Amino acid sequence: IKAFHTSISLIKADSLNTSVINKKTGALFELNNFSVGGKDFRFDSADRRHIIRQIKNNPSLYVKNINLARKTDLYEMAAYDIGFENAGRQLSLDSFYYRPVMDRDSFNRMNQFQKDYIQAKTGRIVIRNLDIEELLADTIFRASAIEINRPDLYIYKDKRLPFDFSKVKP
């Protein structure tokens with residue numbers, strides 16, 4: 001492949017769909033109806049799969065309208081209308097929830113020892129000055145501010161059950 005360098009003055013793509021299969025687990029990950037775009041978009045052949053380099057080269061890059069949901073035998077969770085604006089290094093989402101599939105009483109009946117039962121939901125979340133490069137390169141989460149609207153966190157523990165002293169608390 002010959003080396004190339006190109007730039008596009010304006011790129012905007014709406015209603016995109018993609019799916020990826022996890023090679024280890026075979027699980028399908030889908031993104032449906034999301035958008036991506038930016039101005040003065042630059043792209044070249046030098047390691048074109050290197051996402052951090054592409055983010056650095058395209059400060060006006062954005063993605064939006066991402067909805068993620070996951071359900072297992074134990075829990076279900078979802079985040080709606082996720083978006084990232086590279087220019088402001090801002091990640092936002094309209095709402096988030098996490099809840100166990102099993103109701104609280106059934107959860108407590110199946111435990112021998114005390115265990116936390118957690119449910120969470122929020123309104124809009126905005127993360128400002130997110131260092132996406134550091135997050136992708138080193139899995140370090142660094143941001144200047146996190147704003148969470150209407151947080152609702154429910155944590156329950158049945159203290160009538162014995163404490164499990166084999167587990168060390170940090």
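Q: Let's start with a spot I noticed: is D158 buried or exposed?
A: D158 counts as buried, because its relative accessibility is 7% (buried means under 20% relative accessible area, exposed over 50%, and partly exposed in between, with a 1.4 Å probe and protein chains only). A word on the source: this is a predicted model, where local features need pLDDT of at least 70, side-chain atom pairs count only at pLDDT 80 or more, and totals for chains, interfaces and linings use all residues. Residues are numbered from 1 along each chain as its sequence is written, and side-chain values use heavy atoms, with hydrogens and water left out.

Q: Which side chain does D158 meet in a salt bridge?
A: That of R160, at 3.0 Å from N to O. A salt bridge here is a side-chain nitrogen of Lys or Arg within 4 Å of a carboxyl oxygen of Asp or Glu. R160 counts as exposed, at 73% relative accessibility.

Q: How many salt bridges are there in the whole structure?
A: A search of the whole structure finds 8. One of them joins K157 and D116, whose closest N and O atoms are 3.6 Å apart. That pair links distant parts of the chain, 41 residues apart: K157 is in the segment after β10 (152–156), and D116 is in the loop between α2 (104–109) and β7 (117–122). Helices (H or I, at least four residues) and strands (E, at least two) are DSSP runs, numbered from the N terminus.

Q: And how accessible is K157?
A: K157 counts as partly exposed, at 24% relative accessibility. D116 is partly exposed as well, at 40%.

Q: Which residues are linked in a network of salt bridges?
A: K71, E76 and R99 are linked that way.

Q: What does R142 pair with?
A: R142 forms a salt bridge with E134, and their closest N and O atoms are 2.8 Å apart. R142 is partly exposed at 47% relative accessibility, whereas E134 is buried with a relative accessible area of 17%.

Q: Now D131, where does that one lie?
A: D131 lies in the loop between β8 (125–128) and α3 (132–138). The side chain of D131 reaches the backbone nitrogen of E134 at 3.1 Å.

Q: What about a charged partner for D131?
A: D131 is buried yet has no salt bridge, and the nearest side chain of opposite charge, R89, is 4.7 Å away. For charges, Lys and Arg count as positive and Asp and Glu as negative, while His and the chain ends are not counted.

Q: Which residues is D131 in contact with, beyond its neighbours within four places in sequence?
A: Those are R89 and R142, with contact meaning heavy atoms within 4.5 Å.

Q: Switching topic: how many residues does the largest nonpolar core have?
A: It has 14 residues, and those with the most contacts inside it are I66, I82, L93, L130 and I132. The elements that give two or more residues to this core are β2 (28–44), β4 (75–85) and β8. A nonpolar core is a set of buried Ala, Val, Leu, Ile, Met, Phe, Trp, Tyr and Cys residues joined through side-chain atoms within 4.5 Å.

Q: Where is I132 found?
A: I132 is in helix α3, and I132 is buried with a relative accessible area of 15%. Not counting residues up to four places away in sequence, I132 touches I55 and F84.

Q: And N58, what does that one touch?
A: Leaving out residues up to four places away in sequence, N58 touches D40, F41, R42 and N86. N58 sits in the loop between α1 (51–57) and β3 (62–71) and counts as buried at 1% relative accessibility.

Q: Zooming out, how many helices and strands does the chain have?
A: The secondary structure comes to 3 helices and 10 strands. From the N terminus on, the elements run β-β-α-β-β-β-β-α-β-β-α-β-β. The radius of gyration, taken over C-alpha atoms, is 21 Å, well over the 15 Å that the globule rule gives for 170 residues, so the chain is more spread out than a compact globule. That rule is 2.2 Å times the number of residues to the power 0.38.

Q: How much of the chain counts as buried?
A: Of the 170 residues, 26% count as buried.

Technical notes
A polar contact is a pair of N or O atoms within 3.5 Å; within protein, one must be able to donate a hydrogen and the other to accept it, and residues adjacent in sequence count only if both atoms are side-chain atoms.
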